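Trainee: I am new to this model and would like a close look at one pair of neighbouring elements, with the overall setting first. Could you take me through it step by step?

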Amino acid sequence: MQNTLAYRGAMILWVLGNLVSVFTITAVWLSSSGQNTLGGYTRPQLIAYYLFVLILNWLVIWHAAHYVKEEIKDGSIGQTVLTKPISYFFQNMAKELGWHTVSPLAGMIGLGIAFFFLRTHIQINISLENALFLIPTIFLGGIICYAISLCLGLLAFWLTETDALHGILWAGLFLAGGQGIPLSFFPVEVRHVLEFLPFSYIYSFPLEIFSGRLTAVEIISGIIKQLIWIALLVLLYKFMWKKGTKAYQSYGG
Amino acid sequence: MNRYLKIIFVNAKNCLIRIMEFRSEVISWSVFSVFWIFVFLAFVNVIFGQITAISGWTKDQVLVLFTVQELFIGCMWIFILPGVLDFSKSISKGELDFMLLRPINTRFLLTFRRFEFDQYGRIIVTLILLKIFLSNLNISISLLNVVGALLIFVLGMFIFYSLFFLIATLSFWFINLFNLEDLLDSVVNAGRYPSSIYKGGLKIVFGYIIPLAFTATFPTQILLGNENPGIFISAILIAAGMFFVSHLFWNFALKRYSSASS
């Protein structure tokens, strides 16, 4: 947390970047011609959607891949493997907890600015019951994002250049996860495929709850799928960690 | 002048040699940047599955605009952003002191010390896509239009170089701006859409403070034959004004700089 607070300038830049993105996409929808509803959303609902994307950006995005890659490259992961009794899965998570604690506070300022300027263009449809479901679904979505990022970072055990591969996560979230565009914009057949992937459970699922588009049964079903994805990703992490540390130790001797 | 050109040439040559040494890194970044082009193309296609136009621009026109913007981003990443981002980092790393001691204009040195030629894949693919999307419009494009678009494109790069250099100068006060790249990306990506989408307060910000139209909208309009001679005069004046302001701020920051060593 101390580290995060030391980088106040970076936090300001991050808020500004998010504001630029949300104002841009809002301007696109407000100036677009066509039907009154787009993918089942009215334009005010769509703008509210992107404001919620702003909130999710603070809460569910993890950059584990970057830290893991750096530790593997500079060798400091050796200490982790040999000396620390805590699972690397949770160790790495702790590194970014400071950011995830402080960034929502900074993000609130950005959200406040965005909300102030867009308040006449927004429509929010969420019941109290569905709002309560948001907390666990966002939490679980964040875990899924973290686990994918961690696994991508562990590729550094075998590959010298992994930064480009991390783009799989960002592209997945942007196009297939609902961050860039609601999944309801896609043809039904494509949507079914995208909903099979883990990315939709990071952004799209909480966003659909927020937009009031899911029943309680669908929400509970979605939460179960989130848990299944977490279990699969943790198994993948354990497999990669075991194989990776074995290969890493054999290089080191 | 010869000395400065020679330094640019030597730095560029060294950067080219570097990418030859790290071929796998270059290839992976090229593939990555091309991959993102197709992600955004898919994005545009999905959007236009629901709408018919963005601020009067049809899908085919938006696709041309999008590729011009990608070209702009690619050229910025090759020629401008590496130097600007390194400038920001050099302050926190204490490297600026050594650059200030060199017998050459420091701003020039900071701007041109590094290039990222691994964006070449992006440039090639974007040019091919631009040709395809232009042919979809079934319009004839004259050499004059191409030259005019190129001129505005280059002036746009100069405008945004000055703007980004000004932002990077803030590193004198905010020592660690490790995510400056993300902000610059967001700003440049905002030019992906026709600049006429911005109204009211956003028009002031994205029209006059951050003149996004010069990244893609104006070059595309000229390319498609919608010339407005006033754009050229505006571009020259804005480019000169931006450079002047960024240089003033750079000198102001330098006077207040307390170095890492003394």
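**A helix pair in its setting**

Mentor: Buried residues, meaning those under 20% relative accessible area with a 1.4 Å probe and protein chains only, make up 56% of the 253 residues in chain A. This is a predicted model, in which local features need pLDDT of at least 70 and side-chain atom pairs count only at 80 or more, while totals for chains, interfaces and linings use all residues. Residues are numbered from 1 along each chain as written, chains are lettered from A and ligands numbered from 1 in written order, and side-chain values use heavy atoms, without hydrogens or water.

Chain A has 11 helices and three strands, taken as DSSP runs (H or I, at least four residues, for helices; E, at least two, for strands) numbered from the N terminus.

Turning to the pair itself, the axes of α7(A), residues 128-154, and α8(A), residues 163-176, come within 8 Å and cross at roughly 155 degrees, each axis being a line fitted to C-alpha atoms over the stretch in contact, with angles from 0 to 180 degrees between N-to-C directions. That angle makes α7(A) roughly antiparallel to α8(A), a label used over 145 degrees. Where they touch (heavy atoms within 4.5 Å), A:Cys145, A:Ile148, A:Ser149, A:Leu152 and A:Gly153 of α7(A) meet A:Leu165, A:His166, A:Leu169 and A:Leu173 of α8(A). The residues of this contact divide into six nonpolar, three polar and no charged; Leu, Ile and Cys are among those counted as nonpolar, Asp, Glu, Lys and Arg count as charged, and Gly is among the polar ones.

Methods
Angles under 35 degrees count as roughly parallel, over 145 as roughly antiparallel, 65 to 115 as roughly perpendicular and the rest as oblique. Buried means under 20% relative accessible area, exposed over 50%, partly exposed in between (1.4 Å probe, protein chains only).
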